[in-house]
Amino acid sequence: EIGELSLEHQAKLLLVLDDGSFYPMGSDDSVQVDVVIIAATNKDLKDMEEKGTFRQDLYSRLSTFPLTMPALRSRPNDLNFIINNSLENWNTENKAKKTISDEARSVLQACNWPKNIRELQQAITRVCLLSPAELISPEDLPPQILESAGEGFKSRIPSIVLPESGVRLRELILDIEKEYFRQAIERAEGVMSRAAALVGWEGPAFRKAIKERYPELLNKDDSTTFR
């Protein structure tokens, strides 16, 4: 990480590049070396040079033959290789049979991955550790990964933050359930069997829940269709 060097250490490195020698720590005798310096950074050295945080003469020395490595998000073939390799390593180490669905792979491909390879490898390890299923689906991925992937991908479990004052969880769950039921009935135009299917319930259980817990969701003219 050449961009992390202080100005003091940049000056020392420049001396090595200028005359090919350096003083080992604790020695008064210089050592002559014949080496090629390969430096890497994720910083914009040209921008740092203009701001005075990176020496212009050192930048000139190091930029003899620059190579730009595209970000991981722009290398889909490499990204797929890393996903497969990470899964293979996990399965070997843990005697597991984890696989990934095409949908979950699409989510990972759409992520930004600012920390590149290591961040992706850690994400695969985490989802393998936390997901009980052998097939990893988008719903198994952490919310932050789905958020990074963009609007097209949403988590089955939203990000949850417990307020300082706490919550009345049972009441909150009932409120959420009621609102889903209300929207399902509205979308199904009052046909309860269709509304039940929209929220993943069986028709009889859905009808019973509506009558017992949320009778106000029924139309006053009793036009709701129970079929």
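Here is a chat about the fold and the aromatic residues of a predicted model.

Biologist: Hi! How many helices and strands are in the chain?
Modeller: The predicted model has 10 helices and 4 strands. From the N terminus on, the order is α-β-β-α-α-α-β-α-α-β-α-α-α-α.

Biologist: And is the chain spread out or compact?
Modeller: Its radius of gyration is 29 Å, well over the 17 Å that the globule rule gives for 227 residues, so the chain is more spread out than a compact globule. Along the principal axes, the C-alpha atoms fill a box of roughly 95 × 40 × 30 Å.

Biologist: What share of the residues counts as buried?
Modeller: That would be 27% of the 227 residues. The accessible surface comes to about 16,400 Å², and carbon and sulfur atoms account for 52% of that.

Biologist: Switching to aromatics, how many pairs are there?
Modeller: The structure holds 4 aromatic pairs. One of them is Phe-181 with Phe-206, edge-to-face at 4.7 Å centre to centre, with 65° between the planes.

Biologist: Nice, which parts does that pair tie together?
Modeller: Phe-181 sits in helix H8 (residues 169-187) and Phe-206 in helix H10 (residues 203-213), so the pair links parts that are 25 residues apart in sequence. Phe-181 is buried at 2% relative accessible area, and Phe-206 is buried at 0%.

Biologist: What about Trp-201 and Phe-206?
Modeller: Those two also form an edge-to-face pair, 6.4 Å centre to centre with 75° between the planes. Trp-201 counts as partly exposed, at 29% relative accessibility.

Biologist: Which residues form the aromatic cluster?
Modeller: Phe-181, Trp-201, Phe-206 and Tyr-214 form one cluster.

Terms used:
Residues numbered from 1 in each chain as written. Predicted model: local features only at pLDDT ≥ 70, side-chain atom pairs only at ≥ 80, totals over all residues. Heavy atoms only, no water. Helix = DSSP H or I, 4+ residues; strand = E, 2+ residues; numbered from the N terminus. Rg over C-alpha atoms; globule rule 2.2 N^0.38 Å. Buried < 20%, exposed > 50% of the residue type's maximum accessible area, 1.4 Å probe, protein only. Areas by Shrake-Rupley, 256 points an atom, 1.4 Å probe, with all protein chains shown as cover. Phe/Tyr/Trp six-rings, centres within 6.5 Å; stacked < 30°, edge-to-face > 60°.
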